[in-house]
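Colleague: I would like to learn how to read a protein model feature by feature. Could we go through one together?

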Amino acid sequence: MSAIDHLKGDWNYPTAVRFGAGRITELPDTCRELGMRNPLLVTDEGLRQLPMVAAARQACIDAGLACAVYADVQGNPVEANVISGVLAYREGEHDGVIAFGGGSGLDAAKAIALMVGQSRPLFEFEDRDDWYTRVRVEGMAPVVAVPTTSGTGSEVGRAAVIIDPREHAKKIVFHPKMLPAIVIADPELTLGLPADITAAVGMDALSHNLEAFCSPFYHPMAQGIALEAMRLISEWLPIGVRDGSNLEARAHMMAASTMGATAFQKGLGAMHGLSHPAGAVLGTHHGLTNAVVMPDVLVFNRKAIEGKLTGLARYLGLARPSFQAVLDWVLALREQIGIPHTLKEIGVSEDAVEQLAPMAAGDPSCGGNPVPCSAENMAQLYQNCIRGKL
Ligand SMILES: [Fe+2]
């Protein structure tokens, strides 16, 4: 019996999610359920050496499955990582993918599972118009996703973010069936995350929920999910950062992360619009970048979101519920968990703005922002975030 046995469940939307501490032991049976006898475990180079990867592979082998590890995946994965993963899959005659890791590992794994059965190059499946209809669905490999951070929510996402080296741009590759068939969400896998990463990925989860909540589209289901996830984050992120061994905090943050990616089917916004180019061109950490730009983007959107944020403030139990109360809460939360205040502190300087601003305005995430994004106002926002005007 664990102290968090009550935080356990089998959920059936947005996909099959097996949630609870210790459930990584179900990995071999889950692979079999999806018809795999020889899965390729895809993770990133940072995780390659960790005992949990070796343990997951060994558990599969002990259960009579063949299983190899592919880990040539860098943080902010690039197209070449996907291409060599597809080669490894074909050479090993694998029949499915275990997507294991944080956002980089999960996204690369999902892209590899997509690409093993396609003849077109990766970026012909970019999330534009109806390009996803080009996918040969029957060629896609089945995926079990195992998140090891709580932020990206990529385990329940239908897309992968991969860098196109020709344009130094992060591109979103999309197909509805990129949603993993089964997720094993085991918060014990996140116990070893250091405080700074816990904080940064936790703020990514907050940005997903907050941007989805603020996006103007009609999707009350996503709205409700985002609201409760933000309550969980407000309560548990500071605890998880302060005490990484608190399994209850780890569980609630993992749930909030999964909820964020479920909610952002409703749309994202300028936080992600600003963050993607900075990550692609300058290699800044995705969640950390979202966290740094978050207050300025809220102010930029203020007129369009005052009512919504007043409702959020009430739900979070903030004193004098208002837009300002949410803004103050975000600023205090960031300070409490050690997020830098300016983009300058994470390596974005003013001379990069001219290159980044048009990329931000053209980023698909900005399509969900409640205020239209242009190269001009994105340049202004970058400047504000670099100088720390707030
Ligand atoms: Fe994100």
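Colleague: Where does Pro14 lie?

Modeller: Pro14 sits in the loop between E1 and strand E2 (16-19). Keep in mind that this is a predicted model.

Colleague: What is the peptide bond from Tyr13 to Pro14, cis or trans?

Modeller: Start with the general idea: most peptide bonds are trans, and most residues other than glycine have a negative phi. Here the bond that runs from Tyr13 to Pro14 is cis, and its omega is near 0 degrees.

Colleague: You mentioned phi. Which phi does Asn76 have, positive or negative?

Modeller: Asn76 is not a glycine, yet its phi is positive, at about 55 degrees. This residue belongs to the loop between strand E4 (68-70) and helix H3 (79-91). With a relative accessible area of 17%, Asn76 is buried, because the cut-off for buried is under 20%.

Colleague: What about His168: what is its phi?

Modeller: His168 has a positive phi too, of about 50 degrees, although it is not a glycine. The loop between strand E7 (159-164) and E8 holds His168. Its relative accessible area of 48% makes His168 partly exposed.

Colleague: Now to aromatic rings. How many aromatic pairs does a search of the whole structure find?

Modeller: The search finds two aromatic pairs. One of them joins Trp11 and Phe19, which are stacked, with 4.7 Å centre to centre and 20 degrees between the planes. In general, the distance of the centres and the angle of the planes describe a pair of aromatic rings.

Colleague: How should I read distance along the chain against distance in space?

Modeller: Look at the two numbers side by side. Ala3 and Glu248 are 245 residues apart along the chain, while their C-alpha atoms are separated by 8.1 Å. Ala3 is in the segment before strand E1 (9-11), and its 74% relative accessibility counts as exposed.

Colleague: How far apart are Leu227 and Gly117 in sequence and in space?

Modeller: Leu227 and Gly117 are 110 residues apart in sequence, and 38 Å separates them in space, C-alpha to C-alpha. Leu227 is part of helix H6 (residues 220-242) and is partly exposed at 21% relative accessibility. Not counting residues up to four places away in sequence, Leu227 touches Phe213, Leu312 and Tyr315.

Colleague: Which residues is Ala278 in contact with, leaving aside its neighbours within four places in sequence?

Modeller: On that basis, the contacts of Ala278 are Gly283, Thr284, Thr289, Val348, Leu356 and Tyr382. Ala278 is in helix H8 (residues 270-282) and is buried, with a relative accessible area of 1%. From Ala278 to Ala357, 79 residues along the chain, the C-alpha atoms are separated by 9.6 Å.

Colleague: Let us turn to the whole chain. How many helices and strands does the protein chain have?

Modeller: The secondary structure comes to 13 helices and nine strands. The radius of gyration is 20 Å, close to the 21 Å given by the globule rule for 390 residues, so the protein chain is as compact as a globular protein of that length. Its C-alpha atoms fill a box of roughly 60 × 50 × 35 Å along the principal axes.

Colleague: What share of the residues in the protein chain is buried?

Modeller: Buried residues are 57% of the 390. As for contacts between residues at least 6 apart in sequence, 77% join residues at least 24 apart. The accessible surface is about 15400 Å², and 53% of that surface belongs to carbon and sulfur atoms.

Colleague: How many positive and negative side chains are there?

Modeller: The protein chain has 31 positive and 42 negative side chains, and the centres of the two sets are 4 Å apart.

Technical notes
Residues are numbered from 1 along each chain as its sequence is written. This is a predicted model: local features need pLDDT of at least 70, side-chain atom pairs count only at pLDDT 80 or more; totals for chains, interfaces and linings use all residues. Side-chain values use heavy atoms; hydrogens and water are left out. Helices (H or I, at least four residues) and strands (E, at least two) are DSSP runs, numbered from the N terminus. The radius of gyration is taken over C-alpha atoms; the globule rule is 2.2 Å times the number of residues to the power 0.38. Buried means under 20% relative accessible area, exposed over 50%, partly exposed in between (1.4 Å probe, protein chains only). Contact means heavy atoms within 4.5 Å. Accessible areas come from the Shrake-Rupley method with a 1.4 Å probe; for residues, only the protein chains shown count as cover. Lys and Arg count as positive and Asp and Glu as negative; His and the chain ends are not counted. The place of a charge is taken as NZ of Lys, CZ of Arg, CG of Asp or CD of Glu. Rings of Phe, Tyr and Trp (its six-membered ring) pair if their centres lie within 6.5 Å; planes under 30 degrees apart count as stacked, over 60 as edge-to-face and the rest as tilted.
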